[in-house]
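The sequence and the structure come next.

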Amino acid sequence: MPTIACIDDLRDLARRRVPRAFFEYADSGSYSQDTLRANREDMKKILLRQRVMVDVSARDVSTTVIGQKLAMPLVLAPIGLLGMQHGDGEILAAQAANEAGIPFTLSTMSVGSIEDVAEGTGKPFWFQLYVIRDREFIKDLLARARAANCSVLVLTVDLQVLGQRHRDVHNGLTVPLQIKLSNVLDVATKPAWIASIARAKRKTFGNIAGHVKGMENVNSLAQWTNQQFDPALNWKDVEWIKSQWGGKLIIKGILDVEDARIACDVGADGIVVSNHGGRQLDGAPSSISALPRVADAVGARTDILFDGGVRTGADLMRALALGAKCCMVGRPYVWGLGAMGKAGVAKAIECLRKELEVTMALTGTRNISEIGPQVLADWPRNTA
Ligand SMILES: Cc1cc2nc3c(=O)[nH]c(=O)nc-3n(C[C@H](O)[C@H](O)[C@H](O)COP(=O)(O)O)c2cc1C
């Protein structure tokens, strides 16, 4: 077993263990991938302020987000087709998140269903909703999430239409899926992956199969999904969703100050400053560059979550310093899952936690509430 020191090591291992089409599905961004790259490049430009001789023997990384106590300021982001990185991927990731004391968010487009994850964990998790045209289906989906004790609804608002990822087109991972010879040959070289998928409870979109008549196999489901995403979705729909849900609501996919204000006006308990990991509007600013303005505008009105390009504990610190209450991560735990199943997800979380603890120590910070703009090297900005 290779030694894993950081998230990049998990990515290297996932690349070897997961079929190319699914590895690249997770790794890629949309179109020219400029926004995907900006998420990392802009993150690294933010310098931290080294402080010394502060007693940092007792450090605490726990925090509270929308009334929920978290062992650290981290949430596993919703990931479509997670169960294709490793069999039963959603259940395993949710278990690892529970053991680490942080929330797991189940995507509408997951392989494992709401009921599978509820049964496999026995603990509340977060559920992410894509609004599709069939509102009866949405109503039913929300009732299922409520019945499964999901504690938070994450409404994703940046995917009314799908940004194209060129690698998915080349790999035949279009909608509907194509079975290409190159994919078959590549999959044949990943026996551990084949075994994990063969053992898995499900091999198709678990939240949809069996709940929509005639939609029992991957191809027709994918086609149905493509036709069903609702380009007419608008702020008026949030009221209806809130009334159907009745619990805590986070709106995910906000980059703009005006949208952030409207999200607060419609009563979001939290927002996620996010560009969908550089997978939707290519040419949009990096999430980290958008965060300070959004935090200034609505940080006092709602809890701000952040995602896009978080790969280290220092990145968690950067986002918190710029106004986020906690971060979501996508690819870091996707790679962990593909590399080593549940142990890989646990490893990804552990890498981020340990790095955060060290970063806190070396910036003279003892707990999460102490993290503010003063941990940044350019503080105080523009003052003599
Ligand atoms: C493979 C993959 C699938 C995703 N699927 C969903 C999804 O189903 N719903 C959603 O709201 N966001 C989805 N996202 C976006 C993530 O929730 C998150 O915003 C993004 O991954 C954060 O960026 P990071 O990967 O750099 O951490 C997906 C991202 C990836 C990489």
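## Ligand surroundings

In this predicted model, α2 (20-27), β10 (326-329) and α15 (331-362) each contribute at least two residues to the shell around the ligand. The ligand is surrounded by 25 residues, and the closest are Ala77, Gly80, Ser107, Gly277 and Gly330. By type, the shell holds 10 nonpolar, 11 polar and four charged residues.

## The sheet

An open sheet is formed by eight strands, in the order β3-β10-β9-β8-β7-β6-β5-β4, with parallel pairing. β3 (74-76) and β4 (105-106) are the edge strands; each has a single partner strand, so one side of each has no neighbour in the sheet. In general, strands of a sheet pair through backbone hydrogen bonds.

Within the sheet, β8 (residues 270-273) and β9 (residues 303-306) run parallel and are joined by four bridges. Gly270 has Asp303 in β9 as its bridge partner. Helix α12 (residues 257-265) packs on the sheet and touches β7 (248-254) and β8. The direction of α12 makes about 170 degrees with that of β7.

## A covered helix

How many residues of helix α14 (residues 313-321) are buried? Nine of its nine residues are, and the helix is mostly covered. Among them are Asp315 and Arg318, along with Leu316, Met317 and Leu320.

The cover over the buried residues of α14 includes the helices α3 (34-45), α13 (287-298) and α15. It also includes the strands β3, β9 and β10. After α14 comes Gly323, which has a positive phi, near 115 degrees.

Note on methods:
Residues numbered from 1 in each chain as written. Predicted model: local features only at pLDDT ≥ 70, side-chain atom pairs only at ≥ 80, totals over all residues. Near = placed C-beta within 6 Å. Nonpolar A, V, L, I, M, F, W, Y, C, P; charged D, E, K, R; others polar. Pairing = 2+ DSSP bridges. Contact = placed C-beta atoms within 7 Å. Axes fitted to C-alpha atoms, helices over the stretch in contact; angles between N-to-C directions. Buried ≥ 20, exposed ≤ 12 C-beta atoms within 10 Å, placed from the backbone.
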